[in-house]
Each structure stands twice: as C-alpha cells, then as structure tokens.
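Subject: Handing over a structure

Hi there,

Here is the structure I promised to pass on to you. Have a look at it first, and then read on for what I found in it.

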Amino acid sequence: MAFNVTATLSALETHLRASGRFADVLIGEPKSAAALHGMTAALWMDSAEVVALALSETIEVHVVMVRLYRPFLQDPAEKVEIELADAASELLRLFAGDF
C-alpha cells in the first residue's frame, strides 16, 4: 500500500519509547507542557513521496519531523542545549542502525 505513513509513525514511536531516553513520546504536537522530568519527543509526518515503482509495490521516502522538548528554566542554557544535542545524536544513531 502506497504511503503507509501510519506504519512509519508507529515504528518510530516504538523505537523512541524503547530507547528509554524519553519520559513521553507523542505522535503530533504536544497539547501541554513537556514532562517535568526528562525529555518529551513529538513526531509527525512532514512529507511522503514515491521514488520508484517495483512490480508489486512502491519505493517511498517518508520525511518525519522529530522535535525534542525538556524543561529548561531550572538549568543553565548550556546544559539544556548539550542534553538536546546528545539526544538528537542518539536518535540519529538509532535510526541509522535500525532503518
């Protein structure tokens, strides 16, 4: 089935939860403030396109946005940025290894 974005979002949500890095993982924009302890990851589909056709299926590229949130008022800005950068780097390693 072309553009099965639900499967893509669900697989990414599962990977983010399994990483143990996040207090909460959401599909879509958060409706409330981030978790008080730990980070929240929110993801949503940015775009999808068919890049090739095979005999019985399509070959697709799905672009997913992942936004990281964490409480920031109690910590120095440098600490917040370093923690977010570390989490982003970890996500890239996770995604590159599993997808």
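Before the details, one term: I call two residues in contact when they have heavy atoms within 4.5 Å of each other. Please also keep in mind that this is a predicted model.

Setting aside neighbours within four places in sequence, L43 is in contact with L9, L12, E13, L16, V25, L26, I27, G28, V64, M65 and V66. L43 also turns up among the residues with the most contacts inside the largest nonpolar core, together with L16, F22 and L68. That core has 14 residues. With four residues, α2 supplies the largest share.

Now the overall plan. The chain contains two helices and three strands, and reading from the N terminus the elements follow the order α-β-β-β-α. Along the principal axes, the C-alpha atoms fill a box of roughly 55 × 25 × 20 Å. Of the 99 residues in the chain, 20% are buried. The accessible surface is about 6600 Å², and carbon and sulfur atoms account for 59% of that. If you look at contacts with a separation of 6 or more, 49% of them join residues 24 or more positions apart.

On to the sheet. The three strands make an open sheet in the order β1-β2-β3, with mixed pairing. β1 and β3 are the edge strands, each pairing on one side only. From one strand to the next, the twist averages 30 degrees.

How do the strands pair?

- β1 (residues 22–27) and β2 (residues 39–53) run parallel and are joined by five bridges. Within this pairing, V25 has A41 in β2 as its bridge partner.
- β2 and β3 (residues 58–69) are antiparallel, with 12 bridges. They form a hairpin with four residues between them. Here M45 stands opposite V64, and A41 stands opposite L68.

So much for the strands; what lies across them? Helix α1 lies across β1, β2 and β3, and its direction makes an angle of about 140 degrees with β2.

Two more residues may interest you. N4 sits in the segment before α1. Is N4 buried, partly exposed or exposed? Its relative accessible area is 31%, so N4 counts as partly exposed, because that class lies between the 20% and 50% cut-offs. Apart from neighbours within four places in sequence, N4 is in contact with E60 and H62. N4 and L73 are separated by 69 residues in sequence and by 39 Å in space, C-alpha to C-alpha.

The other residue is D75, which lies in the loop between β3 and α2 (77–98). Its side chain makes a polar contact with the side chain of R70, at 2.6 Å. Again leaving out neighbours within four places in sequence, D75 is in contact with R70 and V80.

Best wishes

Note on methods: Residues numbered from 1 in each chain as written. Predicted model: local features only at pLDDT ≥ 70, side-chain atom pairs only at ≥ 80, totals over all residues. Heavy atoms only, no water. Pairing = 2+ DSSP bridges. Polar contact = N/O pair within 3.5 Å; in protein donor to acceptor, adjacent residues only side chain to side chain. Core = buried A, V, L, I, M, F, W, Y, C linked by side-chain atoms within 4.5 Å. Buried < 20%, exposed > 50% of the residue type's maximum accessible area, 1.4 Å probe, protein only. Axes fitted to C-alpha atoms, helices over the stretch in contact; angles between N-to-C directions. Areas by Shrake-Rupley, 256 points an atom, 1.4 Å probe, with all protein chains shown as cover.
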